[in-house]
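Here's a quick tour for anyone meeting this structure for the first time. Have a look at it, then read on for the main points.

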Amino acid sequence: ECYADMALEADIEHIIPSGRAWQTARQTVIGDRLTRDGMHGNDLGCYLAGACFYEKIFEESIKDNPFILPFSGEEITDILKICAHIAVEEGLR
């Protein structure tokens, strides 16, 4: 809600909802495995945030991107893609 208020106040058109994607991912089997120190994103967290940027900037679904995280496999990559897609689709609602 604060981000939406500030975006209106500052006349910002686009906000990348990576925080929403993280919260969504934490409710999956991924859990709290998104950070390297409890605060900063590890490879999973950085990929998830990047997937949100990808969707917002290119206006394409990350779910259609064939890239698979080599260290995590297809299942985890797919979950992260879905979390990013949901977050961008829902925006700040």
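At what angle do helix α2 and α3 pack, and how far apart are their axes? The angle is about 130 degrees, and the axes of the two helices are 9 Å apart. Keep in mind that you're looking at a predicted model. The notes below go through the helix contacts, then an aromatic pair, then some residues in the loops.

**α2 against α3**

- Helix α2 covers residues 18-26, while helix α3 covers residues 43-58.
- With an angle of about 130 degrees between them, α2 and α3 are oblique to each other.
- The crossing of α2 past α3 is right-handed.
- On the α2 side, the contact uses S18, A21, W22 and A25, and on the α3 side it uses G45, L48, A49 and C52.
- Sorted by class, that contact has 6 nonpolar and 2 polar residues, with no charged residues.

**α3 against α4**

- Helix α4 runs over residues 73-90, and α3 packs on it at an angle of about 45 degrees, with the axes 9 Å apart.
- That angle makes α3 oblique to α4.
- Here, too, you'll find a right-handed crossing, with α3 passing α4.
- From α3, the residues that take part are L44, Y47, L48, A51, C52, E55 and K56.
- Their partners in α4 are I76, T77, L80, K81, C83, A84, H85 and V88.
- The residues of this α3 and α4 contact split into 10 nonpolar, 2 polar and 3 charged.

**α2 against α4**

- The axes of α2 and α4 come within 8 Å, and they cross at roughly 135 degrees.
- That makes α2 oblique to α4.
- α2 goes past α4 in a right-handed crossing.
- R20, A21, T24 and A25 of α2 meet L80, C83, A84, A87 and E90 of α4.
- This contact of α2 with α4 counts 6 nonpolar residues, 1 polar and 2 charged.

- Searching the whole structure turns up 2 aromatic pairs.
- One of them is Y54 with F58: the ring centres are 5.3 Å apart and the planes sit at 50 degrees, so this pair is tilted.
- If you're wondering about that label, planes under 30 degrees apart would count as stacked and those over 60 as edge-to-face.
- Both Y54 and F58 belong to α3, and they're 4 residues apart, which is about one turn of the helix.
- Y54 is partly exposed, at 21% relative accessibility, and F58 is exposed, at 52%.

**Positive phi in the loops**

- Most residues other than glycine have a negative phi, and a couple of spots here are worth a look.
- D11 isn't a glycine, but it has a positive phi of about 55 degrees.
- You'll find D11 in the loop between α1 (2-10) and α2, and it's exposed, with 72% relative accessibility.
- E59 is another residue other than glycine with a positive phi, near 50 degrees.
- E59 sits in the loop between α3 and α4, and at 67% relative accessibility it counts as exposed.

- Where does F71 lie? It's in the loop between α3 and α4, and it's partly exposed, with a relative accessible area of 46%.
- Leaving aside residues up to four places away in sequence, F71 touches D43 and L44.
- F71 and L44 are 27 residues apart along the chain, and their C-alpha atoms are separated by 9.5 Å.
- I68 also lies in the loop between α3 and α4, and at 36% relative accessibility it counts as partly exposed.
- Again not counting residues up to four places away in sequence, I68 touches G73, E74 and T77.
- The C-alpha atoms of I68 and L48 are separated by 12 Å, with the two residues 20 apart along the chain.

How values were computed. Residues numbered from 1 in each chain as written. Predicted model: local features only at pLDDT ≥ 70, side-chain atom pairs only at ≥ 80, totals over all residues. Heavy atoms only, no water. Phe/Tyr/Trp six-rings, centres within 6.5 Å; stacked < 30°, edge-to-face > 60°. Buried < 20%, exposed > 50% of the residue type's maximum accessible area, 1.4 Å probe, protein only. Axes fitted to C-alpha atoms, helices over the stretch in contact; angles between N-to-C directions. Parallel < 35°, antiparallel > 145°, perpendicular 65-115°, else oblique. Left-handed = near helix turned anticlockwise from the far one by under 90°. Contact = heavy atoms within 4.5 Å. Nonpolar A, V, L, I, M, F, W, Y, C, P; charged D, E, K, R; others polar.
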